Amino acid sequence: QVQLAESGGGLVQAGGSLRLSCAASGSIFSIPVMGWYRQAPGKQRELVAVLPSGGITNYADSVKGRFTISRDNAKRTVYLQMNSLKPEDTAVYYCNAEVVYNYYGASQDYWGQGTQVTVSS
């Protein structure tokens with residue numbers, strides 16, 4: 001079993017910054033992909049940023065130039081640095097990880113419990 005533990009959400013004024021963290025633990029062989037998604041009230045969950053191990057980052061157009069995703073493979077942790085936050089960034093942010101759990105490459109997708117980010121105007 002694998003757990004994703006998120007932290008770093010909160011309330012911030014427009015123009016401010018927050019840093020989210022997500023640490024993976026459990027039965028893990030490797031983590032090819034880690035990323036962040038968000039879901040605002042009444043809207044579908046959407047991709048924010050994704051970072052394959054050793055690969056190229058992918059960002060939603062709405063956050064390009066403001067958000068930065070990074071990961072520490074040794075700590076099995078992914079981060080999301082969010083700058084110049086806007087009220088429309090308000091949402092529950094979810095960590096996602098594709099986890100390979102054995103030598104044969106069997107994998108499963110996992111989600112964190114979500115962390116609330118609220119940006120006031």
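**Entry 1: a charge over rings.** I began with Arg45, whose charged end sits over the ring of Trp111, 4.6 Å from its centre. Arg45 also lies over the face of Tyr94, at 3.7 Å from the ring centre. The test I used: NZ of Lys or CZ of Arg within 6 Å of the ring centre and within 35 degrees of the ring normal.

**Entry 2: ground rules.** I noted that this is a predicted model, so local features need pLDDT of at least 70, side-chain atom pairs count only at pLDDT 80 or more, and totals for chains, interfaces and linings use all residues. Residues are numbered from 1 along each chain as its sequence is written, and side-chain values use heavy atoms, with hydrogens and water left out.

**Entry 3: the whole chain.** How many helices and strands are there in the protein chain? I found 0 helices and 11 strands; both are DSSP runs numbered from the N terminus, helices being H or I with at least four residues and strands E with at least two. The radius of gyration is 14 Å, close to the 14 Å of the globule rule for 121 residues, so the chain is as compact as a globular protein of that length. (That radius is taken over C-alpha atoms, and the rule is 2.2 Å times the number of residues to the power 0.38.) The C-alpha trace spans about 50 × 25 × 25 Å along its principal axes. I also wrote down that 40% of the 121 residues count as buried. Here buried means under 20% relative accessible area, exposed over 50%, and partly exposed in between, with a 1.4 Å probe and protein chains only.

**Entry 4: aromatic pairs.** My search of the whole structure gave 3 aromatic pairs. Rings of Phe, Tyr and Trp (its six-membered ring) pair if their centres lie within 6.5 Å; planes under 30 degrees apart are stacked, over 60 edge-to-face, and the rest tilted. One of the pairs is Phe29 with Tyr103, edge-to-face at 6.3 Å centre to centre and 85° between the planes. Phe29 is in the loop between strand 3 and strand 4, Tyr103 in the loop between strand 9 and strand 10, 74 residues apart. Tyr103 is exposed, at 68% relative accessible area. Next I looked at Tyr37 and Trp111: their planes stand at 65° with ring centres 5.0 Å apart, so this pair is edge-to-face. Tyr37 belongs to strand 4 and Trp111 to strand 10, 74 residues apart. Both turned out partly exposed, Tyr37 at 22% and Trp111 at 37%. I noted one aromatic cluster too, formed by Phe29, Tyr103 and Tyr104.

**Entry 5: the disulfide.** Which cysteines form a disulfide? They are Cys22 and Cys95, with sulfur atoms 2.1 Å apart; the cut-off for such a pair is 2.5 Å. The link is left-handed, with -80° about the S-S bond. Cys22 lies in strand 3 and Cys95 in strand 9, so the pair ties together parts 73 residues apart in sequence. Cys22 is buried at 0% relative accessible area, and Cys95 is buried at 0% as well.

Entry 6: Last, I visited Val78 in strand 8 (residues 77-82). Is Val78 buried or exposed? Val78 is buried, with a relative accessible area of 0%. Leaving aside neighbours within four places in sequence, its contacts (heavy atoms within 4.5 Å) include Cys22, Cys95, Trp36 and Met34. Val78 is also 6.6 Å from Ala23, C-alpha to C-alpha, though 55 residues separate them in sequence.
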